[in-house]
Amino acid sequence: MQADFLDIENERLRDCARDLVSVMALPAMWVGQEPHHIAESFLDSIVEILDLDFAHLHLNDSSSDALLEVTRLSDWARNVAPRFAELLGSWTKADAHELPRRLDMGPHSLAVLSVPLGLLGEIGLLLVGSRKSDFPRQTESLVLSVAANQATIGLHAAWQLSEQKRVARELDKRVDARTRELAEANSELRRREFYFQLVVDTIPAIVWSAHADGRADFVNRHFREYVGLSTEEARDWVWTSAVHPGDLPGLIERWKATLSSGRPGEFQARLRRFDGEYRWFLFRANPLADADGNLKWFGACIDVHDWKQAQDELRDTQAELAHVTRVTTLGQLTASIAHELNQPLSGIITNASTCVRMLSAEQPNITGAQETARRTIRDANRATEVIARLRALFTKQDTAIETVDMNLATQEVIALASGELQRAQVILRTELSDGLPYVKGDRTQLQQVIMNLILNAVEAMEGISDRLKELLIATKYDEDDNVRIIIRDAGVGFDPATVEKLFHPFHTTKSHGMGIGLSVSRSIVENHQGRLWAENNDGPGATFLVAIPSELNDGRTAAQP
Amino acid sequence: MITEKRPYVAVVDDDESVRESLPDLLWEFGYEAHGFSSAEEFLEADKIRQAECLVLDIAMPGMSGLDLQRELNRRERRVPTVFISAHGDEVMRLRVRDRGAVACLLKPFTDMALFEAMQAAMKQK
C-alpha cells in the first residue's frame, strides 16, 4: 500500500517533471511568434498537459488598448458554453482573488483557478477550470505557475518584439517620409538650380564671379560662347586672353585697384569674339563678403559697342555741326569782319600815303613821316590781331581744355562783333564782374557760344525803331560757384510756350541761317557741365544765360534756377 | 609865296586811327583838318560855320553820318560832304550819292581817291 502510494507519487512526479520539461520548452517554440499565436499555443499546451475543461487567457496588450482573449473548452465544457460566456464577462473584470473556487455546473462542479501573468498581472490573467475533484493538485499548480511564467516571458518577449517591430516600422515610415521630403526638396533644389543656371546662361550679358585675388572661378555660357573658351579654360586668368592687347594693361590695373579697394568697380575694354572681332564691353564688379568675411566678386560685362560707336558718331556729328555753325557764323560775320579789317587797312593806306607825301616834299617832314610810319605799323598789328582772333574762332580743331578767363574771352568776342554791333546800331553795355574765377574748358567753343548769342540778340533787335537797341553783356559769379554770361537784348523776345524749341536743331525764326546755332551752343555748354537757357525780360526782349561751373565748383553741374 | 588860308575840313569818325591819319593826309593835300569822334562832338564843337567840307563816317554809335547830314540840312547849312564807310557796298554808295553827297569812299580807299573827292567837294562849294 505504502509502495503503491510511492509508485503513484513517483509516477506523478515523473509526469510532473515531464510536464515541466514540456512547459519549459514552450518559449523556444514561441521565439518570433505573435502574441495571439503564443496565447493559443500556450492554452493548447496547458489544456493538453493538465487535461483542463476550460482555459481562458485574457491579455492586456501593452502595445494597443485592444484586449486579446483566447478560450479553450473541452467537449463537456462546450455543452455548457453559454454559462461560461456569461461567467467570463464577470470574471475577467473581477479581481482574481475573489473568484469562486468552485462552480456548480449541472451534475458536475468545476474547480476554477486564476493565475496572474506578470508579477502584478500586468500581462494578463489566466483562468483554468477542471471537473477533476482534486484539481489543482500540487504538481498541477506547479506546472500551471511555471507555464504561466513561461507564457509571461514569451508574451513579454513577443510584445517587446512587436513593439520593436512597430518602432522599426514607424521608423521606416518616418525615414520613408523624410526620404520623400528630401527627394522633393532635392528635385525642387535641382529645379531652382536649373532655373538659375538658365537665367545666368540666357541673360544677354556676361556674368561671372571671381576669387578675392581676382582669379575667375565662374563664367556663364554667354561668355564662353562669345569668346569661344571652355568652362575650364575660362577660369583663373585665361579669360584675359580674350581682352584686346591694347586694353589689357589698363584693365588689369583697374581690376587690381578695385580688388584692393574692396569697392564696386567699373571699367571698359574690348573683348575678342570667337570670330576674331573685338567689341567694347562695360565691366562691372561688386564685392560680396561671406559670413567669415571672405570676399568674392560678382560681375557682369555688357556689350556697349554699338552704344559707344553711336556716342563716337554723335561726338563726330556734334563736332561737324559745331564746325558748320562756325562757318555759318562766319558767313553772318562777313560784314563785321570786313569792317574789323577795313578799319586798320584804311589807317595803313592813309598813313603810308601821308608818309610818302611827307618824305617827297621839297622839305621832307621827317618827324611827321616817322609818326605816320609808326601809326602804319600799329594799324598793321591791329589787322594781324583781328586775323589771329578770326583764325582761332573759325578753325576746325579738337576740343582743347584749358583755363579760361571768361571776362577776357567775352571781351575778345565783343571786339570781333563790334563792327556788326555798330552796323546794326546796337548800343552795347558791358558789366563784366571783377574777380571772376576761371572756368575749365575749350576757350574757342565757349567764345563761339557767346558770339552766337550776341548775333542772335542783334538779329532779334533788327527792325526795332520805337526804342533803343540796347544790348547788355554781363558776367557774374553766382552762388552755385558758376560763372554766368548774361546776354540781354531789347528785341522781340520769344513765346514762353515754345522756348525749348529755340534749342532744337534746325529750329529757326530767321529768314536765313540753319537754326542750329542755339542747339549747338547748348550742346557745347552742356559738354562743359553747364546750362544754357533763356528768359523773357520784364520789359521788351529776352535774356540768354550761360552758367559754366567755375574752377571753385566741386563737380556739381550748373543748375538752372 | 602867299600863304593862302587852308580850307577847314571836319573829319567825323569813331575810329581813332582814321581820326589820326586822315587830318595829316588832308594837310598834305593842302587842307586844315580836325577829327571828331562822334557827330554829337562835332555839333557841340561849333565848327559848323567854319567847315568847308565834311568827311563823315556813315556807321557810328549814336548819330550816324547820314543823321548828321540830315541835321545840317535841317539847319540849312549845306556843306559838301564826303562819306566814308567800312561796311559799304555799291548799292549803299549809290544811295548816299543820291542824297547829295560828293562822294562815298569805301574803306580802305587810296590817297588819290580821297584827293579827287576833296577836289570835287571844293568845286561844289
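Predicted model: local features only at pLDDT ≥ 70, side-chain atom pairs only at ≥ 80, totals over all residues.
A:Ala157 is partly exposed, because its relative accessible area is 40%, and the class between buried (under 20%) and exposed (over 50%) is called partly exposed, with a 1.4 Å probe and protein chains only. A:Ala157 lies in helix α5 of chain A, residues 138-202; helices here are DSSP runs of H or I with at least four residues, strands are runs of E with at least two, and both are numbered from the N terminus. In sequence A:Ala157 is 124 residues from A:Gln33, yet their C-alpha atoms are 9.3 Å apart in space.

Residues are numbered from 1 along each chain as its sequence is written, chains are lettered from A and ligands numbered from 1 in the order in which they are written, and side-chain values use heavy atoms, without hydrogens and water.

Let me turn to A:Gln343, in helix α8 of chain A, residues 305-360. A:Gln343 counts as buried because its relative accessibility is 3%. Not counting residues up to four places away in sequence, A:Gln343 touches A:Arg382 and, from chain B, Asp15, Ser17, Val18, Ala86 and Lys107, contact being heavy atoms within 4.5 Å.

A:Val70 belongs to strand β2 of chain A, residues 67-73. At 7% relative accessibility, A:Val70 is also classed as buried. Its contacts beyond four places in sequence include A:Ala39, A:Leu43 and A:His56. A:His37, 33 residues away along the chain, has its C-alpha atom 9.9 Å from that of A:Val70.

Next, a hairpin. Strands β16 (residues 531-536) and β17 (residues 542-549) of chain A pair in the antiparallel sense over six bridges; pairing requires at least two DSSP bridges between the strands. A:Asn536 has A:Ala542 of β17(A) as its bridge partner. Five residues separate the two strands of the hairpin, and A:Gly541 in the turn has a positive phi of about 95°.

Which residues lie nearest the centre of the largest cavity? They are A:Trp208, A:Ala216, A:Trp239, A:Phe283 and A:Cys301, from a lining of 13 residues. β6(A) gives the most to this lining, with three residues. A cavity is a set of points, on a 1 Å grid over the protein atoms alone, where a 1.4 Å probe fits but cannot get out, and lining residues have an atom within 4 Å of a point.

Conventions: 1 Å grid on protein atoms, 1.4 Å probe; cavity = no way out; pocket = protein on both sides within 12 Å on 5 of 7 lines; lining within 4 Å.
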